Amino acid sequence: MTNRATDFNGLANTQPTLPAEWYYDKAQYQTELRHIWYKNWVYVCRDQALAEPRMFKKVNIGDQEIVIVRTDEGELKAFHNTCRHRGSILFTEDEGKLRSNKIICPYHAWAYDLDGELVRTPSKHCPADFDMKDFPLYQVAVYNWRGCIFINLAGDEAKDFETAHTDAHWFKNWPLESLQVSVAREKKLKCNWKIFWENFNECLHCPGVHKELCKAVPIYRRGYMEREDDPTWRDNADNDDPKFAGGLAEDFHTWTADGQPCAPTLSGLSEEDIKRGTTFSVMMPSTFMVAHVDYVRIVRLLPIDEETMSLQAEWLFAPEIAADHSVDKEAVADYAWSVILEDGYVSELNQKGLKSIAHKQGSLMAEEYDVAAVHDWIRKQLPIASDL
């Protein structure tokens, strides 16, 4: 947790940023893959992408390729895309549907059932001590949280999902299980994955970068994320004007170009959910979700290399709205996507400047308390220097 002053919801003391080289050093990147990305839950897709038995989908996390499969019994299984024979990949396509209930290596035809158990090899001379039970596929932990599929490369040692993501309760009133992806966007950014998280967790950049968003969320125009970020917030503690209190502008009810919902209010929402207008949940290191009265957005980031990441966003709507072609869901997505692209642009600027030989480390301002929290989370995930 950050050290916050009594009357100001921010950093009380100067706090340095992470070292500049952590954003481009190859060895540091590999350390973060091993201790962060390969040990935490990572969002893959909605379960509608694997709706039928034998459907599969691949995902790359760093230099690891993982495959998620739906069994004939409807269970989800996840494996490293690696044959136990001599290490060939098993799946050559990014997604699809298996023709049979077997996973067959394209190299030497070792065959596995959909639970990952080896059931057949083409060898005519298996050694006497060879036991197929000793050669199952390398398992990866998989968890379906309300229609969202997450994986964890730690396998049996994976942290409990519900314990790891305690703020997921913010979405308890949204009918997540039934919502359907209607729009998806993806972009590759030339920046380290940490930079995007830093940008997400502060709003000092908002007035200069997000002109349209500041109209929807007036407090952003002041460079603040919430009421207490203002050092003089107590002077306006009873003022419900959104520029002081936070939240959506009075004439905005959701994140669309005109602030008007594209569909009826989703079932189950409380008055507080509706009044809040925007509900965030962060699931480090890969995902944040944003819920509105009319739709939900899921944003996933993945590392590609030490200076490149991919960003994917999905827009989820009620089934009847997803099927209604008169609702311009692409236009709804355009609004938030433009904000994401603005964030991507300044994140890439940030990456370019970090390689200055003069710049070793930056310093956080008081309003960047959530950036400090991200840095603290990252440091706690990593081994101490002597263990590297």
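Helix H3 passes helix H9 in a right-handed crossing, meaning that the near helix is turned clockwise from the far one by less than a right angle. This is a predicted model, in which local features need pLDDT of at least 70, side-chain atom pairs count only at pLDDT 80 or more, and totals for chains, interfaces and linings use all residues. Residues are numbered from 1 along each chain as its sequence is written, and side-chain values use heavy atoms, with hydrogens and water left out.

H3 covers residues 193-200 and H9 residues 329-353; helices are DSSP runs (H or I, at least four residues), numbered from the N terminus. Their axes lie 9 Å apart, at an angle of about 125°. H3 is therefore oblique to H9, oblique being what is left after under 35 degrees (roughly parallel), over 145 (roughly antiparallel) and 65 to 115 (roughly perpendicular). On the H3 side, the contact (heavy atoms within 4.5 Å) is made by Ile195, Phe196, Glu198 and Asn199. H9 contributes Asp343, Gly344, Val346, Ser347, Asn350 and Gln351.

The structure holds one disulfide, a disulfide being a pair of cysteine sulfur atoms within 2.5 Å. Cys203 is joined to Cys206, with an S to S distance of 1.9 Å. The torsion about this S-S bond is about -100°, so the disulfide is left-handed. Cys203, at 5% relative accessibility, counts as buried (under 20% relative accessible area, 1.4 Å probe, protein chains only). Cys206 is also buried, at 3%.

Cys191 is buried at 0% relative accessibility.

Note on methods:
Axes fitted to C-alpha atoms, helices over the stretch in contact; angles between N-to-C directions. Helix = DSSP H or I, 4+ residues; strand = E, 2+ residues; numbered from the N terminus. Buried < 20%, exposed > 50% of the residue type's maximum accessible area, 1.4 Å probe, protein only.
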